[in-house]
Amino acid sequence: MSKNDGVILNEDIDFPQVRCVDDDGEQYGLISADEALKIADSKGLDLVLIAPDAKPPVCKIMDYGKFRYQQEKKQKEAKKKQKQIEIKEIKLSVKIASNDINYKVKHAKEFLEENKHVRFRVFLRGREVSEPQAGFEVLNKVAAMLEDVANIERDFKTEGRYVNMLVTPKK
């Protein structure tokens with residue numbers, strides 16, 4: 001074997017002396033790299049450089065394929081346990097009717113009950129871009145309707161033609 005994932009194995013270890021440890025924790029002490037490689041070969045295992053910066057460098061005799069498999073398994077398990085935050089987006093306009101706001105807020109509450117974050121975006125048309133205050137007013141109405149079930153995480157933020165507000169579920 002040669003270099004795998006930046007790990008130095010077997011014949012690629014070119015230090016004159018290494019501190020060698022077995023997979024079972026048995027210490028071989030300070031021996032030559034060739035001698036450590038012979039011990040690893042006799043056991044049918046790999047010699048892996050685990051601390052190249054140590055004085056002297058430290059090598060471990062182990063089954064590298066099995067070790068790498070266990071590391072990948074741990075990473076996959078950790079990835080499974082990560083929680084993905086889903087953000088739902090609800091678009092509004094400045095001239096939206098109050099019953100439409102109520103309808104969209106009802107949907108937002110459903111998303112919040114499912115533990116999803118909700119981003120409200122008010123689209124600004126034409127001259128509304130220069131006066132985003134009307135967009136802020138729409139978001140204020142929405143925030144007032146949601147304050148019992150949600151945290152308004154971000155104050156209103158203007159991004160191009162949109163005024164945004166992020167809402168998260170209350171714990």
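Let's start with disulfides, meaning pairs of cysteine sulfur atoms within 2.5 Å: this structure holds zero. Take Cys20: its sulfur is 6.4 Å from the closest cysteine sulfur, the one in Cys59, and that is too far for a bond. Cys59 is likewise in no disulfide.

A quick word on the ground rules. This is a predicted model, where local features need pLDDT of at least 70 and side-chain atom pairs count only at pLDDT 80 or more, while totals for chains, interfaces and linings use all residues. Residues are numbered from 1 along each chain as its sequence is written, and side-chain values use heavy atoms, with hydrogens and water left out.

Helices (H or I, at least four residues) and strands (E, at least two) are DSSP runs numbered from the N terminus, and two strands pair if DSSP finds at least two bridges between them. With that, four strands make an open, mixed sheet in the order E2-E1-E4-E3. Which strands stand at the edges? They are E2 (27-32) and E3 (46-51); each has a single partner strand, so one side of each is left without a neighbour in the sheet. From one strand to the next, the twist averages 35°. E1, residues 17-22, pairs with E2 in the antiparallel sense over five bridges, and there Cys20 stands opposite Gly29 of E2.

Helix H1, residues 33-43, lies across E1, E2, E3 and E4 (58-62), and runs at about 130° to E2. For the angle, axes are lines fitted to C-alpha atoms, for helices over the stretch in contact, and angles run from 0 to 180 degrees between N-to-C directions. Contact, by the way, means heavy atoms within 4.5 Å.

In the loop between E3 and E4 we find Pro56. Lys55 and Pro56 are joined by a cis peptide bond, with omega about -10°.

While we're on backbone geometry, two asparagines have positive phi. Asn10, in the segment before E1, has phi of about 40° although it is not a glycine, and Asn10 is buried at 9% relative accessible area. Asn115 sits in the loop between H3 and E6 with phi near 65°, and at 49% Asn115 counts as partly exposed.

On to charges. Side chains of opposite charge can pair when their charged atoms come close. My rule for a salt bridge is a side-chain nitrogen of Lys or Arg within 4 Å of a carboxyl oxygen of Asp or Glu, and by that rule the count comes to eight. One of them joins Glu86 and Lys116, with the closest N and O atoms 4.0 Å apart. That pair links distant parts of the chain, 30 residues apart: Glu86 is in the loop between H2 (64-81) and E5 (87-93), and Lys116 in the loop between H3 (98-113) and E6 (117-123). Glu86 is partly exposed at 41%, whereas Lys116 is buried at 17%.

Lys116 also meets Glu114 in a salt bridge, 3.0 Å from N to O. Glu114 is partly exposed at 48%. Through shared partners, salt bridges join Glu86, Lys88, Glu114 and Lys116 into one network.

Then there is Lys95 with Glu128, at 3.7 Å from N to O. Lys95 lies in the loop between E5 and H3, and Glu128 in the loop between E6 and H4 (133-146), so the pair ties together parts that are 33 residues apart in sequence. Lys95 is exposed at 74%, while Glu128 is buried at 16%.

Last, the inside. A nonpolar core here is a set of buried Ala, Val, Leu, Ile, Met, Phe, Trp, Tyr and Cys residues joined through side-chain atoms within 4.5 Å. The largest has 22 residues, and Leu92, Phe120, Val122, Val142 and Leu146 have the most contacts inside it. At least two residues each come from E5, H3, E6, H4 and E9 (162-169). Which element gives this core its largest share? That is H4, with six residues. Beyond its neighbours within four places in sequence, Val142 touches Leu92, Ile101, Val105, Phe120 and Met165. A second, separate core has 13 residues, among them Ile13, Val18, Ile39 and Ile61.

Note on methods
Buried means under 20% relative accessible area, exposed over 50%, partly exposed in between (1.4 Å probe, protein chains only).
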